[in-house]
Amino acid sequence: MNENIELYLFDLGGVVIELEGTPLPNLEMNASAWLTSTTAKEFELGRISKHQFAEIFKKEYRIAETPNEIIEHFRNWPKGFYPGAIELLKELSLKYRVAALSNTNEIHWPRIIGEFGACNVFEKIIASHTVGIAKPDPSIYLHALSELKVRPENTVFIDDNESNVIAAQKIGIKAYLAKGFSEVVSLISTLEQLSTQ
């Protein structure tokens, strides 16, 4: 065990939870485009409701589907934990504390904690829409460290967005970029090997 590391802190979507297709119907919007959307950010901060979110996107992108159809399509964007992800997280939890820090929203949250059973895997999940702060705002990392009572230098954070990783590094967290679960597995394997040297 790496004596300096107490906590592994994971992003969810694109890291341990698989995203399938596009967030909005009949629109070529990938995860990167989603990350730069002002409406998406407002939704992930909990400042607009799911109905406002759907109505704004319908108007903004001239989506033919109804707001309810947009919500349903968006609800299905997360597919579930990547195969092997739960096993890896449980294995890690035998040696470290394991928590999550995610920019999420009121549509995905019930699936994450209910259907996917993420609360059974993580010690704590800090969700942007419930705290009113979103990555890469430095405040959300400080909030997470305070909630989890851990020092930044004792924390490994893994995210698939480079700006989120850089923001975490700036406050002293050992943050790493990993796009998709295979990169997560490779990264953790490397970190574990380094810790035994």
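In the predicted model, the buried residues (under 20% relative accessible area, 1.4 Å probe, protein chains only) of helix H4 are Ile-70, Ile-71 and Phe-74. Viewed down the axis of H4, these residues fall within an arc of 100 degrees, so they line one face of the helix; the arc is that of the directions from the helix axis to the C-beta atoms. Helices (H or I, at least four residues) and strands (E, at least two) are DSSP runs, numbered from the N terminus. Residues are numbered from 1 along each chain as its sequence is written. Local features need pLDDT of at least 70 and side-chain atom pairs count only at pLDDT 80 or more, while totals for chains, interfaces and linings use all residues; side-chain values use heavy atoms, with hydrogens and water left out.

The axes of H3 (residues 50-60) and H4 (residues 67-75) come within 9 Å and cross at roughly 105 degrees, the axes being lines fitted to C-alpha atoms, for helices over the stretch in contact, with angles from 0 to 180 degrees between N-to-C directions. H3 is therefore roughly perpendicular to H4 (65 to 115 degrees). In contact terms (heavy atoms within 4.5 Å), Lys-50, His-51, Phe-53, Ala-54, Glu-55 and Lys-58 of H3 meet Pro-67, Asn-68, Ile-70, Ile-71, Phe-74 and Arg-75 of H4. The residues of this contact divide into 6 nonpolar, 2 polar and 4 charged.

In helix H5 (residues 85-92), Ala-85, Leu-88, Leu-89 and Leu-92 are buried. Their arc around the H5 axis is within 95 degrees, so they line one face of the helix. Glu-87 and Glu-91, on the other side of H5, are exposed (over 50%). The buried residues of H5 pack against strands E1 (7-10), E3 (78-81) and E4 (97-102) and helix H10 (181-195).

For helix H8 (residues 138-148), the buried residues are Ile-140, Tyr-141, Ala-144, Leu-145 and Leu-148. They cover an arc of only 140 degrees around the axis, which puts them on the same side of H8. Among the elements covering them are E1, E4, E5, E6, H7 (128-131) and H9 (162-170).

Terms used
Parallel < 35°, antiparallel > 145°, perpendicular 65-115°, else oblique. Nonpolar A, V, L, I, M, F, W, Y, C, P; charged D, E, K, R; others polar.
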